[in-house]
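These are my notebook entries on one structure. I set down what I looked up, entry by entry, with the criteria stated where they first apply.

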Amino acid sequence: LNVRLILALDSTNETVQTACAVSSLQNPQDHYLGFCMGPPLPNGWFASDGTASVVLEASYSSTIVLSNRLSDQVTLVQRPGWHSQLAQQLTSAAAFGTLPSSPLFAGETFELKVYAHTGGFALSTFWVWITIDTSFLSYVDHVQSSLYNTVSFETAGNSNEVLRFRAVGLKATATDEEATGSAVYLFSVRLRALNSSTAGRYDRDALSVYARQFINPGSNLFLKDSPGYLFDDREGPNRDGRLEIAPVVTRGVFAYTRTTTFSNFGVLSGDPPEYAVISVTTTNYDLALKDASVAQDAACSSTASEDILVLRDCVARIANSGFSGSHQHILTVRFGNFTATFDFSVFSPTSIQIIADDLELNQIHDAHNMPVACGSNAMYQHAALYAEADSLDVTHLVQFDVDNESVAVLTGPNGLRGVAPGFVQVRLREDIF
């Protein structure tokens, strides 16, 4: 089985696609849910506001067996102009950084890339400070440019809110020309929005960049103690960066039971069976299904009458009302504004059959055709007994009995051993039908 997610830009019909993870479809720990991670979208899709359609396609042995166009569309928001013209944003020496222009979620990690406008000089040594609001952000790690010697890192401030990065000198393989420009890459910092972050927009003192020192190869200090700029979801440079933490909201509910046939074997065991309905909610932040969770307060109902099936707290219990045969029904689960349905059948056996894998238990003979005995007792063959209710194996639910133990006796829960010549009748210990 192969499943893929296809996105089509509505204005041009250009498509991108990605394969979905299907191994979890057979894993009860993952609630039998597959997972599709949206593919990277081309930059051109964000040149203006737009929409994209989503198709889920499944194929088996190269044959498409399902193609489902989702009712909801993906909304595309135009990127700020600086994404494609970063080198044209500033006109004089400064440190600046780029932030995500899309909303984040609490707990999500993102990247702040830091650049330098060198004002026409080659930048060989820099000391850049980044201040973060530690009430909702934390430092994870950083990666430096290949132009510079090792970038040192330290923190300062009462809550380590100031991140200080410093590099002294260019690597021997770097040239002055590479370290000169209006968008020279210095390093990247990975930051994480704390799990405790509340949804909303953070822009006042959330993030800032500061050029402590810019020095050229001639040891001339050409920029000092200069506030820098940040580029985010807004057009143009800003002294303070802006981030938006999106709320995590439920996007759907999926419901299932371990089987879609509810069998009324209570008539065999005397204990009416129960089938739990498991309802799983998914959210808009389901990375690798980490947020898929069982909904404890879902409401369940079915088209079956209570003389056949009783539903209490989303647990289905077969009613021992003496009905027989198979009945088709629909089970509905409601969670908030979301609804999930699936078909199921309720089955109660109409007859039971006892089967023996050998109907003739002969006396055992050795290689010389002489009877084999254990002491004074002749030895006879064994047979296994089975019980079927409407072609279903119900051996584990019943108890067997014999009418003549002088001919054959029961061994274990479903074994039969011959004792002496004669006929024996095997029956169920309780009269069920």
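Entry 1: I began at Glu 57, which stands opposite Ser 67 in strand 4. I took strands as DSSP runs of E of at least two residues, numbered from the N terminus, and I counted two strands as paired if DSSP finds at least two bridges between them. The model is predicted, so I noted that local features need pLDDT of at least 70 and side-chain atom pairs count only at pLDDT 80 or more, whereas totals for chains, interfaces and linings use all residues. Residues are numbered from 1 along each chain as its sequence is written, and side-chain values use heavy atoms, with hydrogens and water left out.

Strand 3 (residues 50–60) runs antiparallel to strand 4 (residues 63–69), and six bridges join them. I found Glu 57 again as the bridge partner of Arg 4, within the antiparallel pairing of strand 1 (residues 2–9) and strand 3 over eight bridges. Strand 5 (residues 74–76) is also antiparallel to strand 3, with three bridges; there Thr 75 stands opposite Thr 51.

**Entry 2: the turn between strands 3 and 4.** These strands form a hairpin with two residues between them, and Ser 61 in the turn has a positive phi of about 55°. Ser 62, in the loop between strand 3 and strand 4, has a positive phi near 70° and is not a glycine. I recorded Ser 62 as exposed because its relative accessibility is 75%. The classes I used are buried under 20% relative accessible area, exposed over 50% and partly exposed in between, with a 1.4 Å probe and protein chains only.

**Entry 3: strand 25.** I looked up the side-chain directions along strand 25 (residues 315–318). Ala 316 is the bridge partner of Leu 311, where strand 24 (residues 309–312) pairs antiparallel with strand 25 over four bridges. Ala 316 also stands opposite Tyr 275; strand 20 (residues 274–276) and strand 25 run antiparallel and are joined by three bridges. In the hairpin of strand 24 and strand 25, two residues lie between the strands, and Asp 313 takes a positive phi near 55°.

Entry 4: I traced three strands in the order 18-21-22, paired antiparallel in an open sheet. Strand 18 (250–256) and strand 22 (293–294) are the edges, each pairing on one side only. Six bridges join strand 18 to strand 21 (residues 278–283) in the antiparallel sense, and Val 253 has Thr 281 as its bridge partner.

**Entry 5: nonpolar cores.** I defined a core as a set of buried Ala, Val, Leu, Ile, Met, Phe, Trp, Tyr and Cys residues joined through side-chain atoms within 4.5 Å. The largest has 41 residues; Phe 126, Ile 130, Tyr 148, Leu 186, Leu 207 and Phe 214 touch the most other members. Among the strands that each supply at least two residues of this core are strand 8 (125–132) and strand 14 (207–215). Strand 12 gives the most, with six residues. A second, separate core of 22 residues includes Phe 262, Leu 331, Val 333 and Val 346.

Entry 6: Asp 141 is in strand 9 (residues 137–144). I classed Asp 141 as partly exposed because its relative accessible area is 27%. Leaving aside neighbours within four places in sequence, Asp 141 is in contact (heavy atoms within 4.5 Å) with Ser 188, Val 189 and Arg 190. Asp 225 lies in strand 15 and has a positive phi of about 45°. At 33% relative accessibility, Asp 225 counts as partly exposed.

**Entry 7: the second largest pocket.** Which residues lie closest to the centre of this pocket? Of the 22 lining residues, I listed Leu 359, Glu 360, Leu 361, Gly 422 and Val 424. Strand 28 (352–356) and strand 35 (415–418) each supply at least two residues of the lining, and strand 28 gives the largest share, three residues. For the criteria, a pocket is an open set of points on a 1 Å grid over the protein atoms alone, where a 1.4 Å probe fits, with protein on both sides within 12 Å along at least five of seven lines; lining residues have an atom within 4 Å of a point.
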